[in-house]
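Thanks, everyone; I would like to walk through a few local features of this model, and I will give the cut-offs as the terms come up. Please have the sequence and the structure open while I talk.

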Amino acid sequence: EVNSFEQFCINYCNEKLQQFFNERVLKDEQELYVKESIKFKEVEYVDNQDCIDLIEERPNGILAMLDEESKLPKATDSGFAEKLHAKHKNHFRLQLPRKSKMAYYKKLRDDEGFIIRHFAGAVCYQTGGFIDKNNDALTYDLFSLLDSSVDPFTKSLFKPREGEPVPKQGKITLISLGNKFKVALNQLMEKLHSTRSSFIRCIKPNQKMQPKLFNGGDILSQLQCAGMVSVLDLMQGGFPSRTAFQDLYDMYRSVLPPALAQLDPRTFAKALFKALGLNEDDFQFGVSKVFFRPGKFAEFDTIMRADPENLANLVSKVMEWL
């Protein structure tokens, strides 16, 4: 029932991870098909960039507006909520609590919370405590107390980090936790973008935390919220497995007679597939790779792992077909 600043940060992180998943699995996959001239049925999906912008853009994103409110002498959580709704009153992703479908949130005043329509569904956040939780700075008296400690370890724990302001008497010091979280999250996303990622999507089989109990409606809802339906559509109608022509050619290079060795890798792969009598509905030739229908790579995988004697046998079949 209560979603505060912590849950807001968690869901912001989920939003970025969902975008990364969509890009890798849906956007990149379909762009690859176009680049490789593969015929496929395009799958549409929701782009959540507008939701991410609402949270992290400067100067009018939620995190930036929270920081601005936190710097004011008489900063209040209700003042932050009011300004947020005023700035984004026509934003598709932001709503007033009273527009929620949940009776519990309808009771909240406009200045007590906000709803974000996340990729996975709408969440109502109660703004009470947002300003306090967002400020990672110690008050001046606490900072002075700890800084005067004779115990070196205690003193080192609360030293301001590089670039962080030192609390001063009579002044508001803001060290934004939201901004720290944003910076750390963007570093994580940079690391993920530099990797070749695999994904494991976790599904709760039931809400009762009991074994061997599967609630179909709950499971389907989670698959829809995670964008898995679009992925399954693409995988079912697309070509999820692929291998490069060059890799195929390199496997056989040592046993190729001169007539085959002078073929370019793509032509050699076509001759190999014809000689093996593979069903043409099960694969498509791209510019640099051959793509397989779901489940069809397994048949071909046995060829990829073949021993030298079997490779020589396949080469003779290709010569015969040619």
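Ser37 is exposed, because its relative accessible area is 54%, where exposed means over 50%, buried under 20% and partly exposed in between, computed with a 1.4 Å probe on protein chains only. Ser37 sits in the loop between H1 and H2, and although it is not a glycine, it has a positive phi of about 60°. Helices here are DSSP runs of H or I with at least four residues, strands are E runs of at least two, and both are numbered from the N terminus.

Before I go further, this is a predicted model, in which local features need pLDDT of at least 70 and side-chain atom pairs count only at pLDDT 80 or more, while totals for chains, interfaces and linings use all residues. Residues are numbered from 1 along each chain as its sequence is written, and side-chain values use heavy atoms, with hydrogens and water left out.

Met209 also has a positive phi of about 60° without being a glycine; Met209 is placed in the loop between H9 and helix H10 (216-225), and with a relative accessible area of 65% it counts as exposed. As background, most residues other than glycine have a negative phi, and most peptide bonds are trans.

Let me turn to helix H1 and its partners. How far apart are the axes of H1 and H9, and at what angle do the two helices pack? Helix H1 (residues 5-35) packs against helix H9 (residues 177-193) at an angle of about 20°, and their axes are 11 Å apart; the axes are lines fitted to C-alpha atoms, for helices over the stretch in contact, and the angles run from 0 to 180 degrees between N-to-C directions. That angle makes H1 roughly parallel to H9, given that angles under 35 degrees count as roughly parallel, over 145 as roughly antiparallel, 65 to 115 as roughly perpendicular and the rest as oblique. The crossing of H1 over H9 is right-handed, which by convention means that the near helix is turned clockwise from the far one by less than a right angle, anticlockwise being left-handed. Residues in this contact (heavy atoms within 4.5 Å) include Phe5, Tyr12, Leu17 and Phe20 of H1, and Phe181, Leu185 and Met189 of H9. By class, the contact of H1 with H9 comprises eleven nonpolar, three polar and four charged residues, where Ala, Val, Leu, Ile, Met, Phe, Trp, Tyr, Cys and Pro count as nonpolar, Asp, Glu, Lys and Arg as charged, and the others, Gly among them, as polar.

With helix H11 (residues 228-237), the axis of H1 comes within 10 Å and crosses at roughly 25°, so H1 is roughly parallel to H11 as well, but here H1 passes H11 in a left-handed crossing. Phe21, Val25, Leu26, Glu29, Gln30 and Tyr33 of H1 meet Met228, Ser230, Val231, Leu234 and Met235 of H11, and this contact has eight nonpolar, two polar and one charged residues.

Is Tyr33 buried or exposed? Tyr33 counts as buried because its relative accessibility is 0%, and, leaving out residues up to four places away in sequence, its contacts include Phe40, Leu234, Phe239, Arg242 and Phe291. Gln19, also in H1, is buried at 13% relative accessibility and, with that exclusion, touches Asp47, Asn48, Gln49 and Ile52.

Finally, the sheet. Three strands form an open, antiparallel sheet in the order E4-E6-E5, and its edge strands are E4 (241-244) and E5 (283-285), each pairing on one side only; two strands pair if DSSP finds at least two bridges between them. The twist averages 20° from one strand to the next. Four bridges join E4 to strand E6 (residues 289-292), and Ala244 stands opposite Lys289 in E6. Helix H14 (residues 265-276) packs on the sheet, touching E5 and E6, and its direction makes about 155° with that of E5. Pro265 belongs to H14, and beyond its neighbours within four places in sequence it is in contact with Phe245, Gln246 and Tyr249.
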